[in-house]
Amino acid sequence: MRGKAWKFRDDVNTDEIIPARYLNTSDPKELARHCMEDIDPQFMEKMSPGDIIVAGKNFGCGSSREHAPVAIKAAGVSCVIAESFARIFYRNAVNIGLPIMEAKEGAQRIREGDMIRVEPEEGKIINETTGEEYQVAPFPPFMQAIIAQGGLINYVRARVQESR
Amino acid sequence: MGMTIAEKILAAHAGKARVTPGELITAKVDLVLGNDITAPVAIKEFERLGVETVFDRDKIALVPDHFVPNKDIKAAEQAKLVREFARQHQITHYFEVGQMGIEHCLLPEQGLVAPGELIIGADSHTCTYGALGAFATGVGSTDMAAAMATGELWFKVPESMKFIFHGEAKPWVGGKDLILHIIGDIGVDGATYMAMEFAGEGIEALSMDGRFTMCNMAIEAGGKAGIIAPDAKTLDYVKDRVNREYEIYESDQDAEYALVKEYDLADIEPLVAFPHKPENTRPISQVGDVPIDQAVIGSCTNGRMEDLRLAAKILEGRKVDPRVRLIVIPGTQAIYLQAMEEGLIKTFIEAGGVVSTPTCGPCLGGYMGILAAGERCVSTTNRNFVGRMGHPQSEVYLANPAVAAASAIAGRLASPAEILG
């Protein structure tokens, strides 16, 4: 994963990521069109596929709408780096296969526009602009298994088929 | 070392003698909930799982309530998808328009939630049911899909925090003010991943409706669950509603907490959370002059009988300021009927308000009370985020139903005491 960093503040909530007025559909392409609209109306015009969202504490707080990580993923964002994530968003992102990285130092030090490379296997974030390197908090092994399967549905499907 | 009520419920559902915070468990769930926003996504994911049937058609609740009665064609398509799934799988607890209510008012009322149960819902305010001494938490649609197929889900056992309220509440202070007080104190991420346990004589004195309000907003501090140990009021509430066996759990004396906070109710007056975070609380005596355009009384937070009675007490014989639109939304059909029988609906209409069928509508900026740029709303709902109730340049002020009613009369944020004189 490699892309330009777009910075956001603490406590970005799911209404800002995808406003409820667009929740009358669950079509990822349509949701992506409004990604981050209420916090940065120009986000979708500015960003390029592969770019990375870098935010402060408690990213994704608020509602349980899975439409939020779905919109970010469908928008082409390759990864979300934050100081911390709200609980339901964290689960949802893992479940649908949106890469998220909890990296306090990285989230604080990366500046808007920095070119960022993420090496998930090594738990490293590299800031190509400044040459800095940041550690990522590792996922628990159980969640790594879900991520390796490409999300919860694949994981559960494999288990259901095994038990037959 | 003892266990908290949250740990005991999770252990029982994971088939274990004990669990410890941080442990990852797979647990059986007693109920899986979805609504017209989240269930359509879950249904599509469910269909990818390769299973033919749901794990138990009696243990799934589908409540179209967010954009229902259908607000537009797309919403109608989503509601239809849920309806057809419910028919195909013969879901026992599907609630059509006419039976439906706001999910977190409806499920306890219908006896679908009991003490000691483990409930997941694809809606963040699922934590409401902790008021009954259950462990209830919000999840996403994919989790809902997995649980509908297998009847179980993985959980990280949360640490617990305990919030103890001493003393007696001041006039017009209710569950809404107690939970806003906590959020104002610890912040919108102050309880992330935590189970929030509420206790003390201040909680014992709260009605069940007030307790639902408190647990409902645990998520606004980032909490995984809000929970109150069952007492005589809880048992009285479930007595005529729940006709299956359930377990009563309470925390051990030597249970471990990540944090214990004690508050004196003598220090708490009605609170208003200013835009754009529920943590931006101010006592009603210090809100200054904030004119409002709309007042909403309802939602899964404050759409129950006690809430409507409080609002009616203020509005009785008075008129809403001509510059204010007052929208009252009873949480369920039963609440609506009861409010009608008690004459509350008449009070609201005579005061100049409108009364709507149950819906989440305005709370999340769906319909039935959307704000234009620059408009302000005092609302008994749970979130005052940017754009939550409409235009990104509108503002939402969170308050209890008495404050919302008083403000509707005054045309600006106002205390009930000011109106009643």
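Domain bounds here come from an automatic or database domain assignment.

**View 1. The two domains of chain B in the predicted model.** Chain B is split into domain 1, covering 5-263, and domain 2, covering 272-420. Taken over C-alpha atoms, the centres of domain 1 of chain B and domain 2 of chain B lie 24 Å apart, and the contact draws on 35 residues from domain 1 of chain B and 42 residues from domain 2 of chain B.

**View 2. Area buried between domain 1 of chain B and domain 2 of chain B.** About 3000 Å² is buried between these two domains, with carbon and sulfur atoms giving 62% of that area. On the side of domain 1 of chain B, the residues that lose the most area to domain 2 of chain B are B:Ile102, B:Trp172 and B:Lys176, which together account for 25% of what that side buries.

**View 3. The salt bridge of B:Glu220 and B:Arg383.** The count between domain 1 of chain B and domain 2 of chain B is one salt bridge. The side chains of B:Glu220 and B:Arg383 meet in a salt bridge, with an N to O distance of 2.9 Å.

**View 4. Polar contacts, and the side of domain 1 of chain B that touches domain 2 of chain B.** Across the interface of the two domains, 28 residue pairs are in polar contact, counting pairs with both residues at pLDDT 80 or more. The helices α4 (103-109), α6 (175-186) and α8 (208-216) of chain B each supply at least two residues of the side of domain 1 of chain B that touches domain 2 of chain B, and by class this side comprises 14 nonpolar, 14 polar and seven charged residues.

Conventions:
Residues are numbered from 1 along each chain as its sequence is written. Chains are lettered from A and ligands numbered from 1 in the order in which they are written. This is a predicted model: local features need pLDDT of at least 70, side-chain atom pairs count only at pLDDT 80 or more; totals for chains, interfaces and linings use all residues. Side-chain values use heavy atoms; hydrogens and water are left out. Contact means heavy atoms within 4.5 Å. Buried area is the accessible area (1.4 Å probe) that two parts lose on being put together, summed over both. A salt bridge is a side-chain nitrogen of Lys or Arg within 4 Å of a carboxyl oxygen of Asp or Glu. A polar contact is a pair of N or O atoms within 3.5 Å; within protein, one must be able to donate a hydrogen and the other to accept it, and residues adjacent in sequence count only if both atoms are side-chain atoms. Helices (H or I, at least four residues) and strands (E, at least two) are DSSP runs, numbered from the N terminus. Ala, Val, Leu, Ile, Met, Phe, Trp, Tyr, Cys and Pro count as nonpolar, Asp, Glu, Lys and Arg as charged, and the others, Gly among them, as polar.
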